[in-house]
Amino acid sequence: GDDVMLRIQKNFPRERASYGVAALPVYRIQQSVIFKEDKDTPVEGSDGLTLNITGRATFRLGKSVSLNLLAGFPVLVRESRPDGLTRSFVLSAGFNFKFEDAQKQ
């Protein structure tokens with residue numbers, strides 16, 4: 001099915017780090033459909049709203065290098081989520097390198 005999302009975020013910049021918190025509502029417009037036994041079968045309760053809360057932190061290690069942490073969890077979920085995106089908590093880490101800034105040094 002099709003989804004509509006909107007991220008509402010507040011950032012808190014600091015000298016060598018920045019933090020943010022966000023609400024991420026995802027609205028499934030129509031019911032999900034599973035192709036089973038040669039026919040499309042709608043999944044009851046798969047449409048509607050899921051609301052996620054996310055937080056992020058970015059730590060600058062230099063002019064062109066930073067580390068990122070992102071965490072999120074749902075606070076409101078649809079009755080059925082056959083899309084495979086069912087998670088109770090997500091944590092990701094990243095490493096950024098800006099080639100532009102590195103060349104200016």
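Which residue stands opposite Ser-18 in E3? That residue is Pro-13. The model is predicted, local features need pLDDT of at least 70, side-chain atom pairs count only at pLDDT 80 or more, and totals for chains, interfaces and linings use all residues. Residues are numbered from 1 along each chain as its sequence is written, and side-chain values use heavy atoms, without hydrogens and water.

**Strands E2 and E3**
- Strands are DSSP runs of at least two residues, numbered from the N terminus.
- E2 covers residues 8-13 and pairs with E3 in the antiparallel sense over 6 bridges; pairing requires at least two DSSP bridges between the strands.
- The two strands, E2 and E3, form a hairpin with 3 residues between them.

**Ser-18**
- Ser-18 belongs to strand E3, residues 17-28.
- Ser-18 counts as buried because its relative accessibility is 12%, where buried means under 20% relative accessible area, exposed over 50% and partly exposed in between (1.4 Å probe, protein chains only).
- Its side chain makes a polar contact with the side chain of Arg-56 at 3.3 Å; such a contact is a pair of N or O atoms within 3.5 Å, one able to donate a hydrogen and the other to accept it.
- Beyond neighbours within four places in sequence, Ser-18 is in contact with residues including Phe-12, Ala-57, Thr-58 and Arg-60, contact being heavy atoms within 4.5 Å.
- Between the C-alpha atoms of Ser-18 and Ile-29, 11 residues apart along the chain, the separation is 34 Å.

**Nonpolar patch**
- A nonpolar surface patch of about 920 Å² includes Val-4, Tyr-27, Ile-29 and Val-75; patch residues have over 30% relative accessible area and no salt bridge, with nonpolar side chains joined within 5 Å.
- A salt bridge is a side-chain nitrogen of Lys or Arg within 4 Å of a carboxyl oxygen of Asp or Glu.
- Strand E7 (residues 65-76) contributes the largest share of the patch, 4 residues.
- Val-75 lies in E7 and is partly exposed, at 48% relative accessible area.

Definitions and conventions. Patches are made of residues with over 30% relative accessible area and no salt bridge: like charges are joined within 9 Å, nonpolar side chains (Val, Leu, Ile, Met, Phe, Trp, Tyr) within 5 Å. Accessible areas come from the Shrake-Rupley method with a 1.4 Å probe; for residues, only the protein chains shown count as cover.
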